[in-house]
Amino acid sequence: MAKEIKVKVKRFDPSIDRDPYIQEYVVPFEDGMSVANVLCWISDNLDPTLAFYISCRIGKCEACLLKVNGKGKLACTELVTGDIELEPIGKTRVIKDLVRAPNVGVPVVKLDR
Ligand code: FES
């Protein structure tokens, strides 16, 4: 039987939700999976309503920055080794789920290396 991981995502759609909530997904695990791979798998196979943002996929643009188990990481380069908790990072308003408004005039969020 293939290994599975649990992925907890902090979700919030300000157009319909009163408060953020945690949604849990079970995802098949493969060695070398990135957080971005996990998010795309969820979107393709379980829940197309999950909002996240990925652009260059090579760790250059930092568009995919989010909190992975409480630390700032790039979803496209952060490898998954087990269960993970994901939430948006920064202080700007949440547009939906893991997507925040751009950092215009707001201090830049630091990546935890
Ligand atoms: S998508 Fe550009 S750094 Fe991750």
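Student: What makes β1 and β2 a pair of strands in this model?
Tutor: Strands here are DSSP runs of E, at least two residues long, while helices are runs of H or I of at least four, and both are numbered from the N terminus. Two strands pair if DSSP finds at least two bridges between them. β1 and β2 are joined by 8 bridges and run antiparallel, so by that definition they pair. Within this pair, Lys-6 stands opposite Val-26 in β2. By the way, this is a predicted model: local features need pLDDT of at least 70, side-chain atom pairs count only at pLDDT 80 or more, and totals for chains, interfaces and linings use all residues. Residues are numbered from 1 along each chain as its sequence is written.

Student: Why are β2 and β4 called edge strands?
Tutor: The open sheet has 5 strands in the order β2-β1-β5-β3-β4, with mixed pairing. β2 and β4 each pair on one side only.

Student: Why does Thr-81 count as exposed?
Tutor: A residue is exposed if 12 or fewer other C-beta atoms, placed from the backbone, lie within 10 Å of its own, buried if there are 20 or more, and partly exposed in between. Thr-81 has 10 C-beta neighbours inside 10 Å, so it counts as exposed. You'll find Thr-81 in the loop between β4 (71-74) and β5 (84-87).

Student: How do you know that the buried residues of α1 line one face?
Tutor: The buried ones in α1 are Val-35, Ala-36, Val-38, Leu-39 and Ile-42. Look down the helix axis and take the directions from it to the C-beta atoms. The buried residues fall within an arc of 160 degrees, so they line one face of the helix. The face turned away from the buried side carries exposed Asp-44 and Asn-45.

Student: And what covers that buried side?
Tutor: The cover includes β1, β2, β3, β4 and β5.

Student: What makes a set of residues a nonpolar core, and which members touch the most others in the largest one?
Tutor: A nonpolar core is a set of buried Ala, Val, Leu, Ile, Met, Phe, Trp, Tyr and Cys residues joined through C-beta atoms within 7 Å. The largest one has 19 residues, and Val-35, Val-38, Leu-39, Cys-64, Leu-66, Ala-75 and Leu-86 touch the most other members. α1 gives the largest share, 5 residues.

Student: What does Ala-75 touch?
Tutor: Contact means C-beta atoms, placed from the backbone, within 7 Å. Leaving out residues up to four places away in sequence, Ala-75 touches Ser-34, Val-35, Ala-36, Leu-39, Ile-54, Cys-64 and Leu-66.

Key: Two residues are in contact if their C-beta atoms, placed from the backbone, lie within 7 Å.
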